[in-house]
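Biologist: Hi, I'm new to this one. Could you walk me through it?

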Amino acid sequence: MVKAYKQEHVYKHPWERVSAASWRKFADPENKRILSHILEVDTLNRKLDTDTGKLHTTRALTIHAPGPWFLHRIIGQDICHCVESTVVDGKSRSMQLTTKNITLKKFIEVEERIRYDPHPENPSAWTVCSQETSIRIKPLSALASMAEKVEQKCAEKFMQNSVKGREVMERICRYMEAESAPV
Amino acid sequence: MGLLKKKDSTSTRSSTSPCADLRTAYHNCFNKWYSEKFVKGQWDKEECVAEWNKYRECLSENLDGKILTRMLEVDSELNPTKQADSKESSR
């Protein structure tokens, strides 16, 4: 059973600024209050391909995710670990992030894919963000009978968090825009 | 808490990572390089190498090995072509 959710958002900022803001999203101190569910972000690996201009990065996200009461009973903790794998193609100006959960992988797979590309109608000034979240409850798990409820809760949480994430991104973009404006 | 080998399993919201300072130093260097060089087409060489190495060393001393293994497994599912690379740099 898979549920997929798609969202699209246009940032009225150039791709360079939006992709830079994405890197800063979790660490920016002012915005940590909004994204308080993100506890730690560590970079595990990064590789720059100097020929193709592609930057590959792997990050570990530790998230505070209380979830439904029965999840807490089962796993005994409110912490969720995720892996975020990113490829930035400097030549084609495209950034793709894929985040998957590690915690409870046997029971549920949540995968979030985000793409940042220059907006087709205004490629030098606007950026289009496409986000797709898919939630899959593993069929033979003990949670199968509660699958619908878990899925629903996860989806709601993801939607809420992606709205917060967008708020933070917009804020950082505005800040960077102000920083780069000629005095 | 998080990725670290911790005896205390109660969750807290504050950052208690021993690598936090090195991480901040690396991320600051990375952000600067990304905005000022990478997006302007200057990707001819690796930068922030010193910061990265110090940070990585701290992580490899403090990361919970079990969680790291699972992370790298998922990462190699997401990126089958760079599997060899990941394994090599985790040593």
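Predicted model: local features only at pLDDT ≥ 70, side-chain atom pairs only at ≥ 80, totals over all residues.

Biologist: Which residues line the largest cavity?
Modeller: From chain A there are R46(A) and L55(A). From chain B there are Y26(B), F30(B), W33(B), E46(B), E47(B) and C48(B).

Biologist: Which element gives the most to that lining?
Modeller: Helix 1 of chain B, residues 20–36. It gives three residues.

Biologist: What volume does the largest cavity have?
Modeller: About 60 Å³.

Biologist: And how many cavities of 30 Å³ or more are there?
Modeller: Three. As background, rolling a probe the size of a water molecule over the atoms shows where empty space is left.

Biologist: Is C48(B) buried or exposed?
Modeller: Buried. Its relative accessible area is 8%, so it falls under the 20% cut-off.

Biologist: What about the phi of C48(B)?
Modeller: It is positive, about 60°, although C48(B) is not a glycine. Most residues other than glycine have a negative phi.

Biologist: Which residue in chain A has a positive phi although it is not a glycine?
Modeller: R93(A) is one, with a phi of about 55°. R93(A) lies in the loop between strand 4 (79–89) and strand 5 of chain A. It is partly exposed, at 21% relative accessible area.

Biologist: Let's go to the helices. How do the axes of helix 1 and helix 2 of chain B cross?
Modeller: They come within 9 Å and cross at roughly 150°. Helix 2 covers residues 49–62. The crossing is left-handed.

Biologist: Which residues make the contact?
Modeller: Helix 1 of chain B uses L22(B), R23(B), A25(B), Y26(B) and C29(B). Helix 2 of chain B uses E51(B), W52(B), K54(B), Y55(B) and C58(B).

Biologist: What classes are in that contact?
Modeller: Seven residues are nonpolar, none are polar and three are charged.

Biologist: Where is V49(B) found?
Modeller: In helix 2 of chain B. V49(B) is partly exposed, with a relative accessible area of 36%.

Biologist: How many residues apart are V49(B) and N28(B) in sequence, and how far apart in space?
Modeller: They are 21 residues apart in sequence. In space they are 13 Å apart, C-alpha to C-alpha.

Biologist: Zooming out, how many helices and strands does chain B have?
Modeller: Four helices and zero strands. Along the sequence the pattern is α-α-α-α. Chain B has 91 residues, and 37% of them are buried.

Biologist: And chain A, how many helices and strands?
Modeller: Three helices and seven strands. The pattern reads β-α-β-β-α-β-β-β-β-α. Of its 183 residues, 55% count as buried.

Biologist: Which share of the contacts in chain A with a separation of 6 or more comes from residues 24 or more positions apart?
Modeller: 59%. In chain B the corresponding value is 53%.

Biologist: Pick a residue in a chain A strand. Where is R59(A)?
Modeller: In strand 3, residues 54–64. R59(A) is buried, at 4% relative accessible area.

Biologist: Which residues does T98(A) touch, not counting residues up to four places away in sequence?
Modeller: V83(A), E84(A), S85(A), E111(A), E112(A) and R113(A), and also L78(B) from chain B. T98(A) is in strand 5, residues 94–101, of chain A. At 16% relative accessibility, T98(A) counts as buried.

Biologist: Last one. Where is D49(A) found?
Modeller: In strand 2, residues 38–49, of chain A. D49(A) counts as partly exposed, at 24% relative accessibility. D49(A) and S124(A) are 75 residues apart in sequence and 24 Å apart in space, C-alpha to C-alpha.

Methods. Residues numbered from 1 in each chain as written. Chains lettered and ligands numbered in written order. Heavy atoms only, no water. Helix = DSSP H or I, 4+ residues; strand = E, 2+ residues; numbered from the N terminus. Buried < 20%, exposed > 50% of the residue type's maximum accessible area, 1.4 Å probe, protein only. 1 Å grid on protein atoms, 1.4 Å probe; cavity = no way out; pocket = protein on both sides within 12 Å on 5 of 7 lines; lining within 4 Å. Points joined across faces, edges and corners; volume = space filled by probe spheres on them. Axes fitted to C-alpha atoms, helices over the stretch in contact; angles between N-to-C directions. Left-handed = near helix turned anticlockwise from the far one by under 90°. Contact = heavy atoms within 4.5 Å. Nonpolar A, V, L, I, M, F, W, Y, C, P; charged D, E, K, R; others polar.
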